[in-house]
Amino acid sequence: MKRATSPAKFSFSLFVFLSIASVVYAQTTPEAFLGFKVGADKKLADFNQIKAYFEKLAQESPKLKLFTIGTSTLKKPMIMAVITSDENMVKLDRYREIVKKLRDPRSLSAEDAKKLAREGKSIVLITCSLHATEVAASQMSMELAYNLVTGKTSFDAKKVLNDVIVLLCPSHNPDGNQMVIDW
């Protein structure tokens with residue numbers, strides 16, 4: 001005879017399931033984080049907000065890892081997000097090693113180079129907002145990162161992230177970005 005689950009046990013089980021699901025699957029949208037929709041009239045996220053959003057997304061998703069790649073003239077950190085599948089993220093050091101080996105064709109035989117190329121992944125670098133007044137790209141970078149890690153895109157993000165490692169720099173000019181936003 002099957003024993004009925006008590007309402008308290010069911011409620012607790014549901015609470016545990018939803019708590020785990022929210023941690024695993026809930027990534028904060030840029031709009032929820034900023035308090036306004038990216039691209040809204042007379043609203044711009046400053047570099048500190050953009051950086052904070054990428055930090056938040058990195059905490060929420062194993063598909064995004066954030067690195068500081070330098071500092072600006074005014075000592076702002078310059079960041080780069082690595083976005084790829086969970087499986088690729090675990091092997092990130094291996095893919096970096098493959099790229100280092102492939103960058104000098106004199107160090108490998110043709111057969112070894114072909115093997116490494118088959119094992120490796122395509123790497124795409126996207127840089128945003130090089131010039132101070134190019135604010136749209138740095139704003140858009142939050143939406144792009146969110147769409148890639150959640151799969152909420154018009155293309156198959158899961159397939160793309162299985163095949164590609166995306167390097168996304170939200171701004172190469174955080175000082176200029178901040179000056180334009182302040183203005």
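Here are some questions and answers about this chain.

Q: What kind of model is this, and how are residues numbered?
A: This is a predicted model, in which local features need pLDDT of at least 70, side-chain atom pairs count only at pLDDT 80 or more, and totals for chains, interfaces and linings use all residues. Residues are numbered from 1 along each chain as its sequence is written, and side-chain values use heavy atoms, with hydrogens and water left out.

Q: What makes up the chain in terms of helices and strands?
A: There are 9 helices and 4 strands in the chain. Helices (H or I, at least four residues) and strands (E, at least two) are DSSP runs, numbered from the N terminus. Along the sequence they follow the pattern α-α-α-β-β-α-α-α-β-α-α-β-α.

Q: Why is Ser85 called buried?
A: Buried means under 20% relative accessible area, exposed over 50%, and partly exposed in between (1.4 Å probe, protein chains only). Ser85 has 4% relative accessibility, so Ser85 counts as buried. Ser85 sits in the loop between strand S2 (77-83) and helix H4 (86-90). Beyond its neighbours within four places in sequence, Ser85 is in contact (heavy atoms within 4.5 Å) with Leu161 and Asn162.

Q: Why does Lys75 count as exposed?
A: The relative accessibility of Lys75 is 66%, over the 50% limit, so Lys75 counts as exposed. Lys75 is found in the loop between S1 and S2. Its phi is near 70 degrees, a positive value in a residue other than glycine.

Q: Is Ser129 buried or exposed, and how do you know?
A: Ser129 has a relative accessible area of 5%, so Ser129 is buried. This residue lies in the loop between strand S3 (122-127) and H7. Phi of Ser129 is near 55 degrees, again a positive value in a residue other than glycine.

Q: What makes a set of residues a nonpolar core, and which residues have the most contacts inside the largest one?
A: A nonpolar core is a set of buried Ala, Val, Leu, Ile, Met, Phe, Trp, Tyr and Cys residues joined through side-chain atoms within 4.5 Å. The largest has 23 residues, and Phe54, Leu64, Ile83, Met142 and Leu168 have the most contacts inside it. Helix H3 (47-60), S2, helix H7 (135-150) and strand S4 (164-169) each supply at least two residues of this core. Apart from it lies another core, of 10 residues, including Tyr95 and Cys169.

Q: Why are H3 and H7 called roughly parallel?
A: Angles under 35 degrees count as roughly parallel, over 145 as roughly antiparallel, 65 to 115 as roughly perpendicular and the rest as oblique. Axes are lines fitted to C-alpha atoms, for helices over the stretch in contact, and angles run from 0 to 180 degrees between N-to-C directions. H3 and H7 pack at an angle of about 5 degrees, with their axes 10 Å apart. H3 and H7 are therefore roughly parallel to each other.

Q: How do you know that the buried residues of helix H5 (residues 92-102) line one face?
A: The buried residues of H5 are Leu92, Tyr95 and Ile98. Seen down the axis of H5, they fall within an arc of 120 degrees (an arc of the directions from the helix axis to the C-beta atoms), so they line one face of the helix.
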